[in-house]
Amino acid sequence: MIARLAVVALLVFMTVPTVVVIAVSFNPTAILSFPPAGLSLRWYANVVAYPQFRRAAMNSLLVTAAAAALALPAGTLAALALERGGLRGRSVWAAMLLSPLVVPGVAAGLGFLILAAGLGLLRSRSVLVAAHVALVLPFVVRSVWVSVRNLDPVLERAAASLGATPWRVFRLVTLPLLRPGLFAGLLFAVVVSLNEFVVSLFISNRVTEILPVAMFTYVVNYTDPTIAALSSLFIVVTFLVVWLADRYLNLARVFLRP
Amino acid sequence: MTPTVVELRGCTRDYGPVRAVDALDLAVHEGEFLALLGPSGCGKTTTLNLIAGFVPPTAGRILIDGADVTGRPPHLRGLGVVFQSYALFPHLSVRENVAFGLRERRLSAAEIERRVGDALELVRLDRAGRQLSRRTIGNRPRPDLVLADGEERAQPE
């Protein structure tokens with residue numbers, strides 16, 4: 001009974017901020033207040049009509065797609081090398097690959113800003129893509145690494161002894177068996193990149209900024225529920241991505257396997 | 001005496017400071033049935049890995065049908081290996097498992113179809129399109145025996 005209450009309390013604590021944002025997004029008045037005074041979709045109309053949000057959404061899609069497309073193969077190779085490459089100082093390499101998880105975003109953002117300025121790339125989305133690759137790589141490496149550990153090397157030997165060339169072994173045995181980890185890694189990459197804010201704030205401008213940065217800029221300048229409406233849309237999209245992935249890819253299997 | 005099929009000459013294999021196989025000389029003749037017996041850790045698996053080409057010898061030479069294959073990768077050695085853990089591909093159906101080696105050795109589709117059918121009929125695995133994971137544990141060894149068998153017959157006589 002007490003345990004159940006504790007779980008419920010924890011759930012409420014975790015979801016209340018989200019619920020408040022969604023409730024406020026339907027508020028008919030132009031104030032960010034809770035509880036809302038009625039029901040209205042005018043802020044959603046505002047989101048769609050605001051050109052900067054459209055441009056930022058497009059930037060988000062581009063940057064996330066590019067970052068995921070680069071980070072997935074790179075992270076997969078890194079995971080394979082870490083598990084099987086017979087590297088000296090493997091734990092050091094692993095720590096370095098996972099380090100973006102513990103480096104403060106402000107520090108990383110500043111680093112990328114200085115680098116980008118030095119290279120004259122401040123107006124380019126490529127810096128954003130590079131930063132996002134670095135930030136999502138730990139998640140990709142971790143997810144794929146779990147799958148690599150679960151992969152029985154005997155299967156690859158069997159394939160080789162049956163006449164498969166190293167490339168065919170990789171394509172017909174290794175890759176298909178890494179699929180759960182690859183999908184989990186891709187999912188993490190997409191979600192983390194879509195939600196990335198701190199580092200992106202340092203290295204984007206009005207033209208290249210991604211959605212979370214555009215939302216922040218908006219909040220700094222205006223305080224109406226438009227931002228709550230956009231946040232709600234954002235929550236729904238992220239939730240859908242994870243839900244679909246869970247439904248079709250069986251996430252529990254990816255994470256709960258030893 | 002029948003011709004030598006597999007021959008090891010002074011084969012040694014070290015894993016770091018551990019010597020798993022020490023200057024082994026071994027000749028297996030055609031038609032011979034040879035069993036390696038010994039306590040665990042005595043080098044049986046390492047010897048088989050050397051013959052299959054999964055690990056290179058630290059010293060010594062390996063010959064198959066009289067040809068030196070010491071540096072040859074496993075996929076070019078033309079051997080069939082049955083692994084202790086069966087080594088079935090869990091992402092493939094029974095039929096695809098049996099066909100794997102035949103496909104990699106580039107037999108024609110019709111020939112693959114025929115041999116897979118024959119092999120499965122031999123062990124009475126009907127409707128073998130199913131995924132392996134759905135087979136019961138008791139049935140597990142069977143597809144693998146077919147695998148090694150279908151493979152053996154894929155070899156040129």
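**Exercise 1.** What is the area buried between chain A and chain B, and what percentage do carbon and sulfur atoms give?

*Solution.* Note that this is a predicted model. Start with the general idea: the size of an interface is often given as the accessible area lost when the parts come together. Here the area buried between chain A and chain B is about 1,700 Å². Carbon and sulfur atoms give 68% of that area. Next, find the residues of chain A that lose the most area to chain B: they are A:Arg157, A:Ser161 and A:Leu162. Together these three account for 39% of what the chain A side buries. Now count contacts: 18 residues of chain A touch 20 residues of chain B.

**Exercise 2.** Find how many salt bridges cross the interface of chain A and chain B, and name the partners.

*Solution.* The rule finds one salt bridge across this interface. The side chains of A:Arg168 and B:Glu104 meet in a salt bridge, at 2.7 Å from N to O. The cut-off is 4 Å, so this pair qualifies.

**Exercise 3.** Describe how helix α3 and helix α4 of chain A pack.

*Solution.* Take the angle first. Helix α3 (residues 51–84) and helix α4 (residues 90–98) of chain A pack at about 160°. Their axes lie 10 Å apart. Angles over 145 degrees count as roughly antiparallel, so α3(A) is roughly antiparallel to α4(A). Then take the handedness: α3(A) passes α4(A) in a left-handed crossing. From α3(A), the contact uses A:Ala78, A:Leu82 and A:Glu83. From α4(A), it uses A:Arg90, A:Trp93, A:Ala94 and A:Leu97. Sort them by class: five residues are nonpolar, none is polar and two are charged.

Methods:
Residues are numbered from 1 along each chain as its sequence is written. Chains are lettered from A and ligands numbered from 1 in the order in which they are written. This is a predicted model: local features need pLDDT of at least 70, side-chain atom pairs count only at pLDDT 80 or more; totals for chains, interfaces and linings use all residues. Side-chain values use heavy atoms; hydrogens and water are left out. Axes are lines fitted to C-alpha atoms, for helices over the stretch in contact, and angles run from 0 to 180 degrees between N-to-C directions. Helices (H or I, at least four residues) and strands (E, at least two) are DSSP runs, numbered from the N terminus. Angles under 35 degrees count as roughly parallel, over 145 as roughly antiparallel, 65 to 115 as roughly perpendicular and the rest as oblique. A crossing is left-handed if the near helix is turned anticlockwise from the far one by less than a right angle, and right-handed if clockwise. Contact means heavy atoms within 4.5 Å. Ala, Val, Leu, Ile, Met, Phe, Trp, Tyr, Cys and Pro count as nonpolar, Asp, Glu, Lys and Arg as charged, and the others, Gly among them, as polar. Buried area is the accessible area (1.4 Å probe) that two parts lose on being put together, summed over both.
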